[in-house]
Amino acid sequence: MYQSRHLANTRIDVADALRGIAVAGIILYHSVEHFNIFTQEPITHTLATDQMVADVLAWLLSGKMYGIFAMLFGLSFFIMNDNQQQKGNNFSGRFAWRMCLLFLFGIVNVAFYDGDILMLYACYGLLLIPISYLPSKWVWCIIALLVIQPVELFCLLTGTTIDHSTLWEVYSKINSAHEQGTFWENTLTNLRYGFEVNFRFNIFSGRLTQLLCLFILGMQLGRQRMFYNEGRNLQIWHQLLWRSALVVVVLSIVDFSEIASWLNPIYNLMILMMIVSAIVSAWYASEGVRKVLHHLCIFGRMSLTNYLLQSVIGCAIFCGYGLACYRHLGVTYAVMVGCGMVVCQYLFARYWFSNHPRGPLEGLWRKLTWMRL
C-alpha cells in the first residue's frame with residue numbers, strides 16, 4: 001500500500017495557473033459551440049474567419065481543457081489525501097462525501113447547461129479512493145492501460161461497433177429545447193437528459209477512459225511532486241514537451257483516418273501533454289511568464305465558481321429563452337463574447353479575493369466537506 005512521504009504540500013501556483021487556463025479555454029470553446037446549440041438556421045452575423053477560428057480552437061481547446069481540469073482534480077485529491085495521511089487521518093470517507101457534494105453542484109449546473117461535467121467527475125473521483133491505496137508501480141500500470149484507449153482498441157481489433165444513435169436522438173431533443181423552449185423547459189430537459197448525453201458523448205469521443213487516466217495521472221504526478229521545481233523535474237518536463245510535440249507533429253502529418261476512432265483520443269492526449277509541459281516549463285524558466293500567468297492563477301483559484309458562472313451567463317446569452325445569440329453570432333463574434341465573459345469573471349474574481357480567501361462556491365464546498373458527519 002502507498003504510504004505518505006511526509007513532505008510538505010505547499011500551494012502550487014502553476015497548478016492554479018493551469019486551472020485558470022483550463023476554465024478560460026472551456027468558456028471560449030463553449031462560446032464557439034454556442035453553448036451546445038447546433039442550429040440549422042442561417043446565422044445573421046458571420047465573418048470569413050469563422051471556419052479558421054473554429055478549426056484552430058477545436059485543435060487547441062476541444063477536449064484538452066477538460067482534460068487539464070481532470071489532471072488537476074487528481075492532483076488536488078492527492079494533496080488533500082496526503083495531508084490527512086500525515087495527520088494520521090483516513091480521508092476516504094470524507095472525500096466520498098466531497099464527491100457527493102460535487103455531484104449536487106453538477107445538478108445545479110446542468111439545470112442551466114446540458115454539457116455539465118461535474119457529475120461525471122464526481123463519479124470518476126470515487127474511483128480514486130481505491131486506486132490511491134495502490135503502490136506507484138501498479139498505478140503506472142493502470143495509467144499505461146488507459147493511455148492506449150482500451151475500449152477503442154478492442155473495438156478496432158475485433159470489429160465491434162458501438163451504437164451511438166441514441167446520443168444523437170437525445171442531442172436533437174436538447175437542441176430543440178435550447179432554440180425554442182422557455183427557461184423552465186430548458187431546465188427540465190437538461191435535468192432529464194444532461195447526465196446521459198454527457199456519459200454517451202464521453203463514450204463516443206473516447207474520453208470515458210481518457211479522463212479517468214488523467215485523474216489517476218494527476219494523483220501520480222502529485223506523488224512524484226512533479227509540479228514543484230525540485231530535483232530533475234524541470235528537465236523531465238522539457239523532455240516531455242519535445243517528445244509530445246514530436247508525436248503531435250507526426251500524427252498531424254500522417255493520415256490515420258482508418259483507425260481514427262482509436263488514435264484521435266491519443267492525439268488529443270498528446271496535444272494536452274504538450275500544452276501542460278510547455279506551461280510548466282515556461283513557468284519555472286521565466287519570471288516574466290510567471291508575472292503574466294499570475295492573473296490566471298486568480299482565475300484558477302475560483303475555478304468551480306467560474307465554471308458554474310459561465311453556464312449561467314453563457315446560456316442566457318446564447319439560448320433562445322435569453323438573447324438567442326446562437327442565431328445571430330458566427331464563430332468569431334461568439335469567441336469575442338467568450339473573451340468578454342472571461343474578462344468580466346476575472347474582474348469579479350479579483351474583487352472577491354480582495355475580501356475573501358476563497359471563491360464563494362469553493363468556500364461553501366470546503367465548509368460542507370469538513371462539516372461533522
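His 34 is buried, with a relative accessible area of 5%, where buried stands for under 20% relative accessible area, exposed for over 50% and partly exposed for values in between, as found with a 1.4 Å probe and protein chains only. The residue is placed in the loop between H1 and H2, and although His 34 is not a glycine, its phi is positive, at about 50°. The model described here is a predicted one, in which local features need pLDDT of at least 70 and side-chain atom pairs count only at pLDDT 80 or more, whereas totals for chains, interfaces and linings use all residues. Residues are numbered from 1 along each chain as its sequence is written, and side-chain values use heavy atoms, with hydrogens and water left out.

With regard to the overall fold, the protein has 16 helices and 0 strands; these elements are DSSP runs numbered from the N terminus, with helices being H or I of at least four residues and strands being E of at least two. The protein is as compact as a globular protein of 373 residues, because its radius of gyration of 21 Å is close to the 21 Å that the globule rule gives for that length. The radius is taken over C-alpha atoms, and the rule is 2.2 Å times the number of residues to the power 0.38. Along the principal axes, the C-alpha atoms fill a box of roughly 60 × 55 × 45 Å. Of the 373 residues, 52% count as buried. Among contacts with a separation of 6 or more, 83% are made by residues 24 or more positions apart, a contact being defined by heavy atoms within 4.5 Å.

The surface of the protein exposes about 17300 Å², of which carbon and sulfur atoms supply 66%; accessible areas come from the Shrake-Rupley method with a 1.4 Å probe, and for residues only the protein chains shown count as cover. There are 25 positive and 20 negative side chains, and the centres of the two sets lie 17 Å apart. In this count Lys and Arg are positive and Asp and Glu negative, while His and the chain ends are not counted, and each charge is placed at NZ of Lys, CZ of Arg, CG of Asp or CD of Glu.

Helix H3 (residues 64–86) has 23 residues, which at 1.5 Å a residue should span 33 Å, and its end C-alpha atoms are 33 Å apart, in agreement; the expected span is 1.5 Å times one less than the number of residues. Because 18 of its 23 residues are buried, H3 is largely enclosed by the rest of the structure. Met 65 is placed in this helix and counts as buried at 3% relative accessibility. When residues up to four places away in sequence are not counted, Met 65 touches Ile 21, Ala 22, Gly 25, Ile 26, Leu 60 and Ile 275, while its C-alpha atom is separated by 21 Å from that of Ala 260, 195 residues apart along the chain. Just after H3, Gly 88 takes a positive phi of about 80°.

Asn 233 is in helix H11 (residues 233–253) and counts as buried at 8% relative accessibility.

Gln 149, in the loop between helix H6 (136–147) and helix H7 (150–158), is buried, with a relative accessible area of 1%, and its phi is near 55°, a positive value in a residue other than glycine. Arg 372, by contrast, lies in the segment after helix H16 (360–369) and is exposed, with a relative accessible area of 83%. The C-alpha atoms of Arg 372 and Arg 94 are separated by 9.8 Å, although the two residues are 278 residues apart along the chain.
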